[in-house]
Amino acid sequence: MAPSSTSKLLFCILASLFLVTSAQNCSHYTFPANRIFTTCKVLPFLEANLHWSYNSSSTKVSIAYRAKQDPKGWVAWAINPTRQGMVGSQALVAFHKSNDSMIAYTTQITSYSPSMLEANLSFQVSNISAEYLNNEMIIFATIGPLGNGTTVNHVWQGGNSVANDIPQMHPLSSPHLQSFGEIDFQKL
């Protein structure tokens, strides 16, 4: 049976309300320590958000990536300088270490079975840190200067477990495989 016009209209209204609510959650989020970001985007998968402030004179971007996550899991946000997708990504990773402190570091994703060990990236990263607050993991960092413009391919991810202080493979469900896109840090 085909859906009625009324049910289609109701679906459109509910979807619109969801999108407006999601955007409000992003722009009205209050970070600890009075950190402020000028722009944010609700990412379409994994209950994640990216907040940023772009400095045009230094071509650096201060970011906060936040996503819902269990305290035993991990999150990552990455730029892929050469193409869309995971392989080739330059990632910022965060999780609770075995001593229960939060850690954030950089790693390169060179294959579909990356080591997830700390490694330098092809661009500068400074002021990297992480927090766990309200069932969300948050990665803070400053990236750049951006040498190839302000539009980048980005990837975000999360996994359920960490073993011996190394993030383990993320699920292969559809939302995890679709968590990539393009973002322009100059657009508001």
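Which backbone nitrogen lies 2.7 Å from a polar atom of the side chain of glutamine 90? The backbone nitrogen is that of serine 122. Let's start from this residue and then walk through the sheets around the chain.

Glutamine 90 belongs to strand E5. With a relative accessible area of 7%, glutamine 90 counts as buried, because the cut-off for that term is under 20%.

Leaving aside residues up to four places away in sequence, glutamine 90 touches Trp77, Ala78, Ile79 and Pro81, together with Thr107 and Gln108. Its list of contacts also includes Asn120, Leu121, Ser122 and Phe123.

Strand E5 is part of an open sheet of five strands, which follow the order E6-E5-E4-E9-E12 with antiparallel pairing. Strands E6 (102–109) and E12 (180–184) each have a single partner strand, so one side of each is left without a neighbour in the sheet. From one strand to the next, the twist averages 25 degrees.

Looking at one pair in detail, E5 (residues 89–96) and E6 run antiparallel and are joined by eight bridges. Here you can find histidine 96 opposite methionine 102 in E6.

## The sheet that starts with E1

Another open sheet of five strands is arranged as E1-E2-E3-E8-E7, again with antiparallel pairing. Its edge strands are E1 and E7 (125–133), each of which pairs on one side only. In this sheet the twist averages 15 degrees from one strand to the next.

Strand E1 (residues 39–42) pairs with strand E2 (residues 48–55) over four bridges in the antiparallel sense. Lysine 41 stands opposite leucine 50 in E2. On to the next pair: E2 and strand E3 (residues 60–68) run antiparallel, joined by eight bridges. Alanine 48 has alanine 67 in E3 as its bridge partner.

## How confident is the prediction?

Across the protein chain the mean pLDDT is 85, and 86% of the residues reach 70 or more. Residues 7–24 deserve a separate look: pLDDT stays under 50 there, and the model has three contacts beyond four places in sequence for this stretch.

Terms used. Residues are numbered from 1 along each chain as its sequence is written. This is a predicted model: local features need pLDDT of at least 70, side-chain atom pairs count only at pLDDT 80 or more; totals for chains, interfaces and linings use all residues. Side-chain values use heavy atoms; hydrogens and water are left out. Two strands pair if DSSP finds at least two bridges between them. Helices (H or I, at least four residues) and strands (E, at least two) are DSSP runs, numbered from the N terminus. Axes are lines fitted to C-alpha atoms, for helices over the stretch in contact, and angles run from 0 to 180 degrees between N-to-C directions. pLDDT is the predictor's confidence in each residue, from 0 to 100. Contact means heavy atoms within 4.5 Å. Buried means under 20% relative accessible area, exposed over 50%, partly exposed in between (1.4 Å probe, protein chains only). A polar contact is a pair of N or O atoms within 3.5 Å; within protein, one must be able to donate a hydrogen and the other to accept it, and residues adjacent in sequence count only if both atoms are side-chain atoms.
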